[in-house]
Amino acid sequence: MITDATIQTQMIIFGGTGDLTHRKLVPALFQLHLHGFLPKDFSLLSIGRRPKTHGEYHQDLLDATKKFSTKAIDDQEFLDFAKAISYFRLDFDNPEDYLRLKQTLEDRTSSDPERSFLFYLAVSPDYFSPIVENLESSGIRALPSLWQRLVIEKPFGQDLDSATLLNESIARVFPEKDIYRIDHYVAKEMIQNINMLRFQNTIFGPVWNRHHIDNVQITVLEKEGVGTRGGYYDHTGALRDMVQNHLLQLLAITAMEPPVSLDADDVRNEKVKVFEALRPFGPEDLSHRLILGQYSGYTQEDKVSEDSTTETLVATKIFIDNERWQGVPFYLLTGKAMKNKTAQITIEFRKSNPYTLDLDNQPNILEIKIQPDEGITLHLNVKKPGVMDQMTMAEMDYCQSCLYLFNSPDSYEKLLLDAMNGDSTLFTRWDELQLTWKYVDSIQSTVNGDRNTLLKPYNVGSFGPEELDRFVDSGASTWWFQNRIY
Ligand code: BG6
């Protein structure tokens, strides 16, 4: 039997001289190589617009991998791996260049139809359609092969209309099953762990619903501002950059029904049902379901407009109108230039009814820590030792990052491997995108016009605008991320 692990795999990265390739893709491929996970006949053709020799390119990659990898890099080991990498100069808009590419692909791979092609678009979204159309018109798509897949980075559109146009142009060339839309958050270790936690522990399954859970907080905060990405970010903002994709994906994974299997479509069908059940956002929600913030000094950032009203922080309250979650607020919070970088999902359970003891207990809290620490903490009410009946909170802590120091693979290792193995579970399907864009568009269209008044300032390095403190209005009335000791 032929398995994907034994076929001849040719990966082609468009954007080979770009940031993503240097920071993430090549370091991830190198780790996969070191652990023996790459297919035996793997090779990479890395495409850029600048002229470069293979040697120069390998040196650039080595320098970047040493800089961005969390693990120690052995130069010789890397250069041995780099023998599988070639550089190819191509102008993304020039059809002639794609004919040369086709010839090169034919020369490099045998005509054995067991060969396969993984096209990775690590380029500005403006090039997504032209590249895909040229893959078709040059005849590359028609090359005999076992499979051809397209991996595509975010942003996938700016709203539902532009995402639909983009999808139509790609779908003319690649069928949906071969399109792998990346959301690197979904591949983070602790997010993948949520399914294990929920579905493999009988203590959680029965209480994972509105009868026992008071609210859920999904928090993704960054310490850095927009840095060198002001040009992109100022036209995007936190709602599109983080909420439409990463935070809504975390919400769906936390809230979905148990899938009938862990197969890609079974899992994604359940996520789609969550997105379908999101309570729409309308003008009546502006005052109590949304806070937009902008950090001080944002408008002086490079390539940011001086009178920009782009939000660098979003807090929003979401309801899922289904049997399991009716009435449970899901608080989503993301912001740049905050006090600390942290991402976590906090489940706040309902307080128990202290019918036997006249004591003020606290709600149980389950924290799923995504980064920088990875782990799970469960907060319990326990008796304070002593002769008096007093309660205190105790933490049961699973510190994954302490146990597996630096061993947690980067999301891109998992995503690249899955794409090569044809497992699209962690990639976003088109109907998920449609529904998340539809939801975010409903917020955007409600906000537009009122942006100036809605935008709350906050200081760099703070916990966000002061309005945040009044936003959480149920249960223990607190943002749990603020209680963390960093
Ligand atoms: C990206 C956003 O998708 O995710 C960036 O475009 C953000 O603005 C980044 O900084 C955060 O990713 P991570 O993995 O560093 O938390």
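Reply: An oxygen atom of the ligand lies 2.6 Å from an N or O atom in the side chain of aspartate 241, a polar contact, that is, a pair of N or O atoms within 3.5 Å. Taken alone, the ligand exposes 400 Å², of which the protein buries 80%; such accessible areas come from the Shrake-Rupley method with a 1.4 Å probe. This is a predicted model, in which local features need pLDDT of at least 70 and side-chain atom pairs count only at pLDDT 80 or more, while totals for chains, interfaces and linings use all residues. Residues are numbered from 1 along each chain as its sequence is written, and side-chain values use heavy atoms, with hydrogens and water left out.

Ligand oxygen is also found 2.9 Å from a side-chain N or O atom of lysine 154, and 2.9 Å from one of arginine 229. The ligand is surrounded by Lys154, His184, Tyr185, Lys188, Glu222, Arg229, Asp241, Met242, His246, Lys336, Lys341 and Gln371, where a residue is near if one of its heavy atoms lies within 4 Å. By class, this shell holds 7 charged residues (Asp, Glu, Lys and Arg), 2 nonpolar ones (Ala, Val, Leu, Ile, Met, Phe, Trp, Tyr, Cys and Pro) and 3 polar ones (the others, Gly among them). Helix H9 (residues 237–255) supplies the largest share, 3 residues; helices (H or I, at least four residues) and strands (E, at least two) are DSSP runs, numbered from the N terminus.

Lysine 154 is joined to proline 155 by one, with omega about 0°, and proline 155 sits in the loop between E5 and helix H6 (160–171). Glutamine 371 is likewise joined in cis to proline 372, again with omega about 0°; proline 372 lies in the loop between strand E12 (365–371) and strand E13 (375–383).

Strand E5 leads on to the sheet. An open sheet of 6 strands has the order E3-E2-E1-E4-E5-E6, with parallel pairing (two strands pair if DSSP finds at least two bridges between them). Strands E3 (85–89) and E6 (179–181) stand at the edges with a single partner each, so one side of each has no neighbour in the sheet. E2 (residues 43–48) and E3 run parallel and are joined by 5 bridges, and serine 46 stands opposite tyrosine 87 in E3.

Conventions. Polar contact = N/O pair within 3.5 Å; in protein donor to acceptor, adjacent residues only side chain to side chain.
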